[in-house]
Amino acid sequence: MPRKTITGFSNPTVKAVRALRDKKHRRREGRFLAEGLRLLTDARIAGRIPELLLMAQGREAHPLLDELEHAVEAAGGEVLELPIELLAKVTGKDNPQSVAGVYAEWDTGLDRIDPAAAPIWLVAQAMRDPGNLGTMLRTADAVGAGGLILIDDCVDPFSVEAVRASMGGLFTVALAQARWDEFLPWLRAGQGQLVAASLRDAVPYRGAPYAAPCFVLVGNESRGLPEDYELACDLRVTMPMKGRADSLNAAIAGAVLAYEVLATLGG
């Protein structure tokens with residue numbers, strides 16, 4: 001299918017893509033927007049091909065972009081070329097990347113996750129900041145975690161901001177979403193150690209008795225974990241705070257703890 005050229009914002013396809021920045025529209029359509037050649041290339045390598053590829057006119061040629069375009073065409077997708085100013089309106093960025101893609105959302109049910117598939121997993125409860133969610137995805141990728149499980153009312157992982165912050169992690173890391181009362185019985189039905197950073201009857205995080213598969217749990221950025229969630233954990237660990245701050249950023253705490261678990265398990 002040849003490229004199509006669009007020059008006006010009134011084009012219905014352009015309007016539909018721009019609307020994907022809105023959560024309600026994104027949920028209704030079951031699609032989301034991602035941008036940047038590196039991110040879209042990571043997605044392609046992971047087997048995720050956009051249904052619609054948008055490319056800025058006058059962009060520099062690149063072999064990865066050629067491969068991406070061929071992959072979209074082979075999958076029966078559509079390729080649009082449009083002025084960079086119009087792409088900026090679509091993505092909501094003053095200095096947009098030269099390429100963006102529209103993807104179908106995928107199933108994020110717990111039944112997609114096999115706890116025995118990896119020695120470490122990351123779990124975030126009520127995480128509200130897309131930057132933190134992106135950091136958690138990148139951390140999961142960095143430590144070789146089986147994936148990231150989002151518990152309760154977290155920020156939408158398919159939002160433009162979260163996708164951008166994940167730096168491709170959304171496409172390379174398994175992702176699941178569940179309520180706590182669904183997650184805990186699922187975990188207890190098999191093997192899995194639930195570990196949380198906490199001040200409640202906690203032991204030092206260094207040298208703690210971690211066991212695989214280990215599920216590293218972090219709570220909401222401002223409230224932390226609910227008390228009953230902490231009490232349900234198999235192990236609660238504490239990290240030393242040597243300055244005036246009384247806590248770490250939630251995503252950073254998860255990363256520090258994940259690397260300690262990885263080292264203990266021999267990763």
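At what angle do helix α1 (residues 12-19) and helix α5 (residues 84-91) pack, and how many Å apart are their axes?

## Basis of the model

The structure is a predicted model, in which local features need pLDDT of at least 70 and side-chain atom pairs count only at pLDDT 80 or more, while totals for chains, interfaces and linings use all residues. Residues are numbered from 1 along each chain as its sequence is written, and side-chain values use heavy atoms, with hydrogens and water left out.

## Helix pairs

Helices α1 and α5 pack at an angle of about 40°, with their axes 7 Å apart; helices (H or I, at least four residues) and strands (E, at least two) are DSSP runs numbered from the N terminus, and axes are lines fitted to C-alpha atoms, for helices over the stretch in contact, with angles running from 0 to 180 degrees between N-to-C directions. The two helices are therefore oblique to each other, given that angles under 35 degrees count as roughly parallel, over 145 as roughly antiparallel, 65 to 115 as roughly perpendicular and the rest as oblique. In the contact (heavy atoms within 4.5 Å), V14, V17 and R18 of α1 meet L86, K89 and V90 of α5. By class, this contact has four nonpolar, no polar and two charged residues, where Ala, Val, Leu, Ile, Met, Phe, Trp, Tyr, Cys and Pro count as nonpolar, Asp, Glu, Lys and Arg as charged, and the others, Gly among them, as polar.

Helix α3 (residues 37-45) packs on helix α4 (residues 63-74) at an angle of about 50°, with the axes 10 Å apart, and this pair is therefore oblique as well. The residues that make the contact are L37, L40, T41 and R44 on α3, together with L64, L65, E67, L68 and A71 on α4; six of them are nonpolar, one is polar and two are charged.

## The parallel sheet

Seven strands form an open sheet in the order β8-β7-β6-β11-β9-β12-β10, with parallel pairing, two strands being counted as paired if DSSP finds at least two bridges between them. The edges are β8 (174-178) and β10 (203-204), each of which pairs on one side only. Within the sheet, β6 is joined to β11 (residues 214-218) by five bridges and to β7 (residues 147-151) by four, and A124 stands opposite V218 in β11 and opposite L150 in β7. Three bridges link β9 (residues 193-197) with β12 (residues 235-238), where V195 has L235 as its bridge partner.

Strand β6 (residues 120-125) is largely enclosed by the rest of the structure, because six of its six residues are buried, that is, under 20% relative accessible area, with exposed meaning over 50% and partly exposed in between (1.4 Å probe, protein chains only). I120, L122 and A124 cover one side and W121, V123 and Q125 the other, all of them buried. Helix α11 (residues 250-264) lies across β6, β9, β11 and β12, and runs at about 160° to β11.

## Backbone exceptions in loops

Most residues other than glycine have a negative phi, and most peptide bonds are trans. A126, in the loop between β6 and α6 (130-142), has a positive phi near 55° and is buried, with a relative accessible area of 5%. D201, in the loop between β9 and β10, also has a positive phi, of about 50°, but is exposed at 66% relative accessible area. A cis peptide bond with omega of about -10° joins A212 and P213, and P213 is placed in the loop between β10 and β11.
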